[in-house]
Amino acid sequence: MNDPKQRIAIVGAGMAGVTARYRLAAAGFHVETFDKGRGPGGRTSRRRTDSGEFDHGAQYFTVRSPEFRALVERWSEEGTVARWNPRIGTLREGAWRDATGESPRYVGVPGMNQPAKNLAVLGDEAGAPPIRLGTRIVEARDERPAGAPRNLWYLRDAADALHGPYGSLILTVPPPQALDLLPGSSAAVPLLRDVKIDPCWAVMALYERPPMERWDAVFLEGGILSWAARNSSKPGRPPGEAWVLHASPRWSRENLELDPREVIRILTAELPAAVADGRSDGAGSARAGSAGARAVGARSVGGVPLATWAAAHRWRYARPRRQGESPRRHGEVARPPFWWNGEERLGLAGDWFCGGRVECAFLSGHALAGGIAAALAGPAADLNAGPAVGPVAGPSTGPATGPTP
Ligand SMILES: Cc1cc2nc3c(=O)[nH]c(=O)nc-3n(C[C@H](O)[C@H](O)[C@H](O)COP(=O)(O)OP(=O)(O)OC[C@H]3O[C@@H](n4cnc5c(N)ncnc54)[C@H](O)[C@@H]3O)c2cc1C
């Protein structure tokens with residue numbers, strides 16, 4: 001397609017990016033998508049190692065919107081999404097509460113990145129060029145080529161290759177990463193600067209026997225760990241005791257630059273300590289800061305087995321942080337859940353518009369693409385003709401911590 005007005009670039013092939021790509025390709029646009037990762041999915045990644053498989057980012061997703069539900073039902077029939085029915089406990093102030101609940105929790109099969117992969121295939125089938133994986137974009141430039149009536153977008157990647165021109169640009173990378181790409185004069189800059197994204201240290205660990213019998217997954221409140229889940233309890237995963245541990249946003253923030261080996265030592269020692277804390281038999285004495293020391297050379301702490309293998313992953317930008325006095329309620333979606341500037345022909349989409357969930361990212365990409373497609377469908381269709389889709393949306397201040405969608 002030669003008309004640059006109809007050429008759109010998307011940076012980021014997480015849930016928001018692959019959704020926007022699919023919808024814009026289906027509406028007839030030429031959409032080129034770039035991602036630095038090895039596959040689509042972003043924070044829904046799955047890690048395969050010689051020792052086991054782990055969903056080390058998003059743990060599961062919930063479904064509230066009709067748009068997402070329609071796809072999830074289709075994927076459930078195909079077998080690429082399934083309900084996960086874990087026994088979930090919450091540990092608060094030393095006492096366990098059953099948090100299993102009734103609301104369905106879903107996972108991709110065989111990994112959490114499967115919905116993004118499915119959307120990538122839908123985009124391919126709609127005619128989008130293949131996603132350019134392993135391509136880190138380092139600069140987005142807005143320039144007027146000689147003789148052109150208006151500015152167009154160019155992207156430069158880490159290998160110094162230039163891509164473009166594009167009539168419009170969509171960034172679906174986390175806000176701090178979007179800031180690194182854009183010119184300082186962009187109208188998006190003040191908005192992006194306002195958004196805080198918390199990190200999350202994740203540890204993938206193998207056990208010879210379950211570190212806890214009663215639960216498949218636990219929310220741990222007020223401590224170093226915020227979540228632990230038996231990956232192998234999810235449908236379509238190999239059997240065994242493969243567990244994912246997530247540190248709390250606060251601990252992750254305070255220990256962002258810690259050596260991963262130290263992170264592994266602390267988090268794997270913390271699980272038995274936290275579990276022991278919640279025992280009614282008073283075995284909580286395993287905590288008291290000595291759990292790490294006790295773990296050395298031992299096979300268990302307070303009867304809770306220790307990991308036989310572990311690896312760490314740092315999510316530098318994991319979940320949007322709660323802001324302000326009256327945060328949006330869990331699951332509430334900003335209207336519209338994206339940002340678009342018709343003058344710059346620049347769009348932003350991502351989970352941070354509505355609380356940091358897989359479904360939010362989908363809804364954000366979906367809504368932005370729908371808005372752009374509608375704006376260009378009219379007789380005077382021109383993305384440069386002014387704000388195309390509704391008012392500029394501010395970011396939501398949705399729930400920031402823990403893996404619960
Ligand atoms: C530890 C953790 C636990 C979570 N738990 C849950 C959960 O249980 N349930 C739930 O619903 N949600 C959960 N989430 C949140 C969920 O994963 C996100 O809301 C969602 O995946 C975000 O999708 P996105 O498309 O907005 O962004 P991302 O998935 O971050 O996609 C952005 C993409 O941009 C790419 N990128 C970044 N910079 C560049 C660049 N310069 N050039 C090229 N590509 C670039 C990245 O590689 C990435 O693929 C969790 C997240 C984390 C990290």
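Modeller: Let's start with a strand pair: Asp198 stands opposite Arg319 in E19. Helices (H or I, at least four residues) and strands (E, at least two) are DSSP runs, numbered from the N terminus. This is a predicted model, where local features need pLDDT of at least 70 and side-chain atom pairs count only at pLDDT 80 or more, while totals for chains, interfaces and linings use all residues. Residues are numbered from 1 along each chain as its sequence is written.

Colleague: How many bridges join E13 to E19, and do they run parallel or antiparallel?

Modeller: There are 9 bridges between E13 and E19, and the two run antiparallel. Strands pair if DSSP finds at least two bridges between them.

Colleague: What sheet is that part of?

Modeller: An open sheet of 7 strands with mixed pairing, in the order E7-E6-E14-E15-E16-E13-E19. Its edge strands, E7 (95-98) and E19 (309-320), each pair on one side only. From one strand to the next the twist averages 20°; axes are lines fitted to C-alpha atoms, for helices over the stretch in contact, and angles run from 0 to 180 degrees between N-to-C directions.

Colleague: Where is Pro199, and what is it in contact with?

Modeller: Pro199 is in strand E13 (residues 197-206). Leaving aside neighbours within four places in sequence, its contacts include Ser252, Leu256, Trp315 and Tyr317. Contact means C-beta atoms, placed from the backbone, within 7 Å.

Colleague: Why does Pro199 count as partly exposed?

Modeller: Because 18 other C-beta atoms lie within 10 Å of Pro199. Buried takes 20 or more, exposed 12 or fewer, and partly exposed is in between, with C-beta atoms placed from the backbone.

Colleague: How far apart are Pro199 and Asn255?

Modeller: In sequence, 56 residues; in space, 9.7 Å, C-alpha to C-alpha.

Colleague: What span does H1 reach?

Modeller: H1 (residues 15-26) reaches 17 Å from first C-alpha to last, close to the 16 Å expected. That expectation is 1.5 Å times one less than the number of residues. Just after H1, Gly28 takes a positive phi of about 100°.

Colleague: And the chain overall?

Modeller: The protein chain has 9 helices and 21 strands. Of its 405 residues, 50% count as buried. Among contacts between residues at least 6 apart in sequence, 70% join residues at least 24 apart.

How values were computed. Contact = placed C-beta atoms within 7 Å.
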